[in-house]
Amino acid sequence: MILKRSFPFLVLLAGCILLALPSLLSAQTTAGLKGTVLDKDGAPIPGATVLVTNPALGISQGGVTDAKGEFRITPLAPGRGYELAVSFPGMAKVKLSDIELNSGKISTLQVTLRPEKEMQEKVTVKAISEVVNTADTTTQTSFTSEFIDSLPIIGRNYQDVLALAPGVSDDDGDGNPNIHGARDTDVITLVDGVSTTDPYTGKRGQELNIDSIQEIEVKTSGSSAEFGRGQGGYVTIVTKSGGNDFEGRFQFYWRSNLLDGDGAGIDDPQLHGGLGELGLRDLKFTDYLPFISVSGPIKKDKAWYYFTGEYIQEQTPVNALTQAFVRTTKEKRIFGKLSWDVSTNHKLVFTATIDPQEFDNEGLDSFTAVEAGYTEKEGGQNYVLKETAVFNPNVFLETTVQHFNSSPKVIPTLDADTNHNGILFIDRNHNHFIDATERDPGQDYDRDNHWDVFEDFLKKNGQLDDGEDRDLDGRLTPPHACEGETREDQDCDGFLDTINEDDTFCNIPGDPRCHNNQLDVGEDRDGDNFLDGGFDANGNPWVSEDRNHNGGVPDDRPLPQADDVIPDCVPGTVPCQVIGHEPAYYPYNRFLPLPRDRDLQQDQRNLRINGPYNESIDRTLGRVTLRQDLTVFLPDKGGQHDIKMGGIIERETFSSDTSLRPYLFPNAQPAGSTSLNPSIGVQLPAENQVFNTANSTTFGMYINDTYKPIPNLTLNLGLRFDREATDSFGYTPFDPLQQRILFDRINALRGGEINKAEDLTEG
């Protein structure tokens, strides 16, 4: 049940419950063992001593049988290698070994003791619990770590195992399964009892190192009241813990184009219209997956550690028909766990999971150039602190506090600031909207290799204001004049004034000080008290400065030579003409104006897309969880009652910062025209930057009773209450055409088009 109104008393009630019950984790992360001790005639033996041990996990718990000869030992960590020893005075001791306990289940065993004098030999028994748990009312499938290790699955993703459960499928292979046809966003993944589901998408929110998994359980139907917020099903994962024995494991997988000389993935050109394998054979790719896991005691029988780390690089060659490229995936999957037995009945466990992921060359196809793609970054951290308190074998508590966060990003492959001047656009009219003419023009807006910076563009008041002095020279460029950030052409005569410094007064027609072969105000640009270059009274070029810094006067090459060539110069343009005034070693390419920023564009002649991807996304999402569960076993209250009760509070947050830039369509076809022309269509964002936020607070409490009125009948009775309060702020994309189509469909369903003419010209 989800309520949209706020009820303060529920918050107070939640606080009372959480204070009354020490916090605990879902009992699905623990296991247990119960059974009956009988004599050779089938009569129960009360007071028998029962001891459960697991040397590898450092576990030793015991108890005695009741008047019915029954025992129950919980909670225990899931795993293999348990031993059960039963003894009674006058009876031979019985030891059962190699017992495996599964999470969320209490295994049942029956032990028969015989008089010690009748036993003449020692017998070792390997115990196997019942195949069918008659007390379980949930349809579920379990996969142990041993089973997973033996599977011939491709890759190292635990999601590949889930589809082996009946009723579970993942047709699109994205790792988000659906259960019995429910949406893939309705599957909740619980790791050690707390959710790792993405608060934004509702899909899986974290990748796990498969070596860290002790057991996976897929619940497809009949889940008890302790589970909430999932309408499809649940995936519960229990992670491994360290033990008293040191263990280590290392493996390395490697794949490369060196092992595939004939070109992986090359198809018959006839399958692609004759385009074939363009560039595919020349691609280089390497996959490698090293991973390591170590575990052991920090202090034997007291504290333990478990650590596993994995690095994944997968490079996939892609044949996009008109181009070939490599799509790379990089992931780190790190998991660590620390366990501490504070006392016999008190245990603390801390786990940390980190999974940064990066996927490059996304959004590419045969029409989209590699530079127009983008990189996706995902992953984050998940920290869980768990406390277990055992009051007696029939009552125990577990506490879990979780902090989960992730920071997905979308980053264009080509930086949107393609000229690297730190400017993407200039909002000259201050309307917070990127006009087509407000994109960064660089220094050569009209692409004629002249400087095109007009400084008095804000207030147009004939003086410099904040943000107008582009070259920081403290001067206002005259109206309609030209200026560069480091070199000047104030008189727009096609010559950069800083190259020819004895030219300041030449901007004033007829000024006799033009080319007077001496330093005047503003002409010593580098402050060394020498003219950097200029003309004599007859207009002949001359050089008086040691430009090559060899201390010689004059320079080694004071006059221009025939082979003086300006790097990156376009023949016939003004900068190429400057060659007649300076030596070749003068760095002319520094004086070329910066080009404008490039935009994402689709040429309407061939539909090719190039330029930097026009969207950048930076998201942050997280979850803080406090979960509590109490387990009480009542063995003789009108039958057996296994009661679980508890509560959960989850605080989820989401924020998204989206930057949008124009999308250009060169050679567009104007409306009403049947041919292309040089015009450019522009798709402008309604907002340059969109910031969305959302958060929710979820409160839930439940009580569940697994009741056995008679030994062969089990009833599962439960009640759960959930309340979720959400709020959000931001922008929603709006497409008028699609909204109109939706309106028309709804209007038609309600009979809105009855008696209307087909062309809507009547009625």
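Residues are numbered from 1 along each chain as its sequence is written, and side-chain values use heavy atoms, without hydrogens or water. In this predicted model, local features need pLDDT of at least 70 and side-chain atom pairs count only at pLDDT 80 or more, while totals for chains, interfaces and linings use all residues.

Student: What is the relative accessible area of leucine 76?
Tutor: Leucine 76 is found in strand S4. Beyond four places in sequence, leucine 76 touches residues including Leu33, Val52, Tyr82 and Leu101, where contact means heavy atoms within 4.5 Å. Leucine 76 is buried, and its relative accessible area is 3%.

Student: Which strands stand at the edges of the open four-stranded sheet with mixed pairing?
Tutor: Two strands pair if DSSP finds at least two bridges between them. The order is S31-S30-S34-S35, and two bridges join the parallel strands S30 (residues 600–602) and S34 (residues 663–666). Each edge strand has a single partner, so one side of each lacks a neighbour in the sheet; the edge strands are S31 (609–610) and S35 (680–683).

Student: How are the rings of phenylalanine 227 and tyrosine 234 arranged: stacked, edge-to-face or tilted?
Tutor: Rings of Phe, Tyr and Trp (its six-membered ring) pair if their centres lie within 6.5 Å; planes under 30 degrees apart count as stacked, over 60 as edge-to-face and the rest as tilted. Both phenylalanine 227 and tyrosine 234 are buried. Their ring centres are 5.0 Å apart and their planes stand at 45 degrees, so the pair is tilted.

Student: At what distance from the ring centre of phenylalanine 633 does arginine 72 lie?
Tutor: A charge sits over a ring if NZ of Lys or CZ of Arg is within 6 Å of the ring centre and within 35 degrees of the ring normal. Arginine 72 lies over the face of phenylalanine 633, and the distance to the ring centre is 3.9 Å.

Notes
Buried means under 20% relative accessible area, exposed over 50%, partly exposed in between (1.4 Å probe, protein chains only).
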